[in-house]
Amino acid sequence: MKIFYLSILLLFSFFASAGVDKTYTPNEIKADFRQLYTGLENASYDLYARTPKSVFESEFNAWLTSVNGPVTHLEAHKQFMRFTALANIAHTKIEYPIDLLMAHLSNGGKLLPISISLKENSVFVDDYYGISESVAVGDEILTVNGVDAYSWVQQLQQYIAADNAFLANTALEEGFAPYVWLHEGELSNYKMTLRRTADNKLYELEQPTLAFEQHRNGLKQSNQKPESKPREFKIIDDVGYLKPGPFYNIDTNAGNDTWNNETFEQFIDNAFTHFIEKNVHSVLIDLRNNPGGSNTFSDLMVAWFADKPFKFASDFKVKVSQLSRKANTERMTNSSNPSALNKQLETFYERRNNGEIASFPLELSQPNEREKSIAHLPVAVYALVDKSSFSNAVSVAAIIQDYDFGTILGEETADLATTYASMEHFTLDNTGIRVGYPKAHIIRPNGNKEPRGVVPDHSVSSLEQALNFIRSQ
């Protein structure tokens with residue numbers, strides 16, 4: 001099941017407030033639009049790295065001119081998402097308005113009960129939550145409401161911040177139905193032409209949108225269950241299986257504890273201690289469907305099998321700005337024990353002027369001492385990645401590959417190993433919309449500046465295939 005769809009399923013169980021789509025005056029919305037553009041231009045490492053300034057200027061001026069009446073929060077959010085996504089940089093983004101979607105669903109709103117996969121300019125049914133017995137996973141969707149399905153789907157990508165088509169398609173697959181609602185609002189039904197995989201025959205489907213409770217019923221009928229644990233470790237046929245989960249604190253809802261890694265460190269220590277006690281011959285680290293996080297977490301894991309000092313980048317160039325200074329100061333103020341990295345950033349900013357770009361001094365992370373390490377043992381390390389391994393999960397895979405700490409299995413990551421990242425945020429004054437931007441250009445450990453994901457050493461498409469490969473070694 002897609003991560004984004006699953007998160008909606010879980011949130012819907014707890015969401016109670018119906019919410020109201022607030023309306024803003026033209027002056028309020030224009031002020032926020034100016035603040036958005038100015039903030040992105042001044043604070044992003046390079047807003048125009050992939051899209052010329054003229055494109056931004058044209059879109060900016062056209063929309064300002066078009067605003068001549070009140071604008072709802074949803075319409076403002078959509079426009080600001082589209083504008084920010086023009087950068088074609090994954091970390092220059094405004095998040096999906098999940099609160100507005102939850103309000104829509106809690107009021108009985110409906111969604112298209114289909115998830116998709118995209119392959120070679122074609123659209124396929126990846127999951128189905130409706131009741132039609134005609135639809136099967138793997139069937140190809142040819143048209144939607146009379147429009148070529150792939151062309152129709154591409155309209156949704158204007159809201160998605162992505163460095164390339166691979167990453168944009170991956171993000172769209174994660175949240176297809178929510179993006180359909182965002183773009184088109186609620187339609188009563190969709191007329192589709194599909195090609196059945198089983199016999200290659202065409203068939204027509206008039207699919208009504210369904211309330212989310214009906215989606216959940218369809219999920220239950222198809223015996224598809226959400227994954228149970230965000231983090232886990234276990235032994236599978238003498239292989240130590242480790243799913244580290246996100247590289248941030250998931251054990252608290254308190255914002256100032258997001259980067260407290262004490263619980264994560266204990267989890268990692270318990271996992272590797274267990275593997276040693278069970279005398280495993282291999283460890284498989286599952287980084288699939290991992291949203292990433294911070295290396296202050298992942299380094300604790302890598303240190304267990306590293307046989308030499310390491311760092312997550314060969315170069316970490318940072319652009320200094322007032323917004324980044326403010327974000328770092330707020331982190332330090334809101335934390336009872338500011339991290340060493342935040343203190344380093346404070347010093348880094350103090351010595352430089354706004355607009356200046358300089359290499360941030362990355363310290364080498366050290367391998368663990370012998371009593372907390374498997375580097376000296378005859379234990380092979382593997383990492384399993386997929387196109388939905390994002391952000392710091394990609395960095396972890398790059399470290400393992402570039403330092404020869406282990407073998408990468410799976411499929412190429414959609415997110416990049418050399419990337420514009422190290423996100424910061426600022427908030428628009430009137431709408432309260434939160435804007436993300438990358439303050440840095442991170443070059444992968446081996447120095448390769450090509451904007452590409454981590455390519456696995458061996459291609460596998462499932463956990464079972466990964467385990468079979470390990471057994472064969």
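Biologist: How many helices and strands does the protein have?

Modeller: This is a predicted model, in which local features need pLDDT of at least 70, side-chain atom pairs count only at pLDDT 80 or more, and totals for chains, interfaces and linings use all residues. Residues are numbered from 1 along each chain as its sequence is written, and side-chain values use heavy atoms, with hydrogens and water left out. Helices (H or I, at least four residues) and strands (E, at least two) are DSSP runs, numbered from the N terminus. The protein has 15 helices and 20 strands.

Biologist: What radius of gyration does the protein have, against that of a compact globule?

Modeller: The radius is taken over C-alpha atoms, and the globule rule is 2.2 Å times the number of residues to the power 0.38. For 473 residues the rule gives a value near 23 Å, so the protein agrees with it, at 23 Å.

Biologist: What share of the residues count as buried?

Modeller: Buried means under 20% relative accessible area, with a 1.4 Å probe and protein chains only. Of the 473 residues, the buried share is 50%.

Biologist: Which residue of β9 is the bridge partner of methionine 192?

Modeller: Two strands pair if DSSP finds at least two bridges between them. Strand β8 (residues 189-195) and β9 run antiparallel, joined by 7 bridges. In β9, the partner of methionine 192 is leucine 205.

Biologist: Which residues make up the covered face of strand β9?

Modeller: Strand β9 spans residues 202-208, and its uncovered face holds Leu202, Glu204, Glu206 and Pro208. The covered face is made up of Tyr203, Leu205 and Gln207.
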